[in-house]
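Me: Can you walk me through this structure? I'd like to start with the metal and then move on to the helices and the backbone.

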Amino acid sequence: MAAEQTTAIVIRAIEFSETSLVVTLLTREFGQVAALAKGARRPKSSFEGALDLLAVCRVVLIRKSSDALDLLTEAKLQRRFRGAEKSLERLYAGYYIAEMLRLLTDNHDPHPGLYDLTLDALGQIDGSGNTALALLGFDTAALRLLGHAPSTRQCVDCGQVVRGARRVAFAPIAGGVVCETCRSRQHSILNVHAATIEHLERLLAPHTRIPVQVPSAVYREMRGLVSRYIQAILGLKPRMQSFLPARMEPVE
Ligand SMILES: [Zn+2]
């Protein structure tokens, strides 16, 4: 049981006893990790401030082999999440990111790209970036990095290229666009503007960086489509999805 070092983002902290916390971390090297932080609730603990939600810290973990919790022996704060000091919209955006990371990643399944993406998104959200666009960029890039990118060109049923129409049918459960011939076989369809799918395809491209750019007229439909698609992938609606910005223009 060797001690290992990594950087981590705190995505949940639950009181465990009078003096301890159980924290869920997204680590860069080991993926999601649940760890016991003994003494973290004591005043002047050595973890001070490092285990707040969405804090980024340098940690030392003692990994346990079985299903037992890992042991967090050190956490040094590198960056505090300051969304709460800015606006409710920015605070909720942070909560949304934490929930999405818990839902989308598994224990001990590392995705360094997703970790780096999260740092970029948090930097926009608790800085002066556009929250709505930061979250849309986070969602689409996370889907791509985790191998869940929807099909934006070929019909998910027959494989033919879908083109030509002003409106396009998107089937969240089937995983992307469907052609005119196949759409009647789908259970739930979103009928969206072709421009929404074009911009979605651009956001899903590997070189796309946060902050992404999307026309204001496209944002609302794209946000709805991405949220419904995420529900289909997860088989549930993330709790914080209801708090996502409905409009692109910031509410401060
Ligand atoms: Zn088809």
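Reply: What follows covers the metal site, the helix packing and a few backbone details of this predicted model.

Me: Which residues coordinate the zinc ion?

Reply: The zinc ion is held by the SG atoms of Cys155, Cys158, Cys179 and Cys182, at 2.3 to 2.4 Å. In sequence these donor residues follow the spacing C-x2-C-x20-C-x2-C. Cysteine 158 and cysteine 179, 21 residues apart, link distant parts of the chain. Cysteine 158 is in the loop between helix H4 (131-145) and strand E6 (167-171), and cysteine 179 is in the loop between strand E7 (176-178) and strand E8 (190-193).

Me: What's the arrangement of the four donor atoms?

Reply: Tetrahedral, because the angles they subtend around the zinc ion run from 101 to 116 degrees. For reference, the ideal angle for four tetrahedral donors is 109.5 degrees.

Me: And cysteine 179, buried or exposed?

Reply: Cysteine 179 is buried, at 11% relative accessibility. Cysteine 158 is partly exposed, with a relative accessible area of 39%.

Me: OK, helices. At what angle do H4 and H6 pack?

Reply: About 40 degrees, with the axes of H4 and H6 (residues 216-234) 11 Å apart. That angle makes H4 and H6 oblique to each other, and their crossing is left-handed. Residues in the contact include Leu135, Leu136 and Leu143 of H4 and Tyr219, Met222 and Tyr229 of H6.

Me: How do H2 and H4 cross?

Reply: At roughly 10 degrees, and the axes of H2 (residues 88-104) and H4 come within 10 Å. H2 is therefore roughly parallel to H4. The contact includes Tyr96, Ile97 and Met100 from H2, and Leu135, Phe138 and Ala142 from H4.

Me: Switching to the backbone: where is the cis peptide bond?

Reply: The cis bond joins isoleucine 210 and proline 211, with omega about 5 degrees. Proline 211 sits in the loop between helix H5 (194-203) and H6.

Me: What is phi of lysine 44?

Reply: Near 60 degrees, a positive value in a residue other than glycine. Lysine 44 lies in the loop between strand E3 (31-37) and strand E4 (56-62), and is exposed, with a relative accessible area of 79%.

Me: Why point that out?

Reply: Because most residues other than glycine have a negative phi, and most peptide bonds are trans.

Me: And histidine 108, where is that found?

Reply: In the loop between H2 and helix H3 (112-125). Phi of histidine 108 is positive too, near 55 degrees. Histidine 108 is partly exposed, with a relative accessible area of 38%.

Key: Residues numbered from 1 in each chain as written. Predicted model: local features only at pLDDT ≥ 70, side-chain atom pairs only at ≥ 80, totals over all residues. Heavy atoms only, no water. Donors = N, O, S within 2.8 Å, 3.2 Å for Na, K, Ca; no water. Tetrahedral: all angles 85-135°; square planar, octahedral: opposite > 155°, others 65-115°. Helix = DSSP H or I, 4+ residues; strand = E, 2+ residues; numbered from the N terminus. Buried < 20%, exposed > 50% of the residue type's maximum accessible area, 1.4 Å probe, protein only. Axes fitted to C-alpha atoms, helices over the stretch in contact; angles between N-to-C directions. Parallel < 35°, antiparallel > 145°, perpendicular 65-115°, else oblique. Left-handed = near helix turned anticlockwise from the far one by under 90°. Contact = heavy atoms within 4.5 Å.
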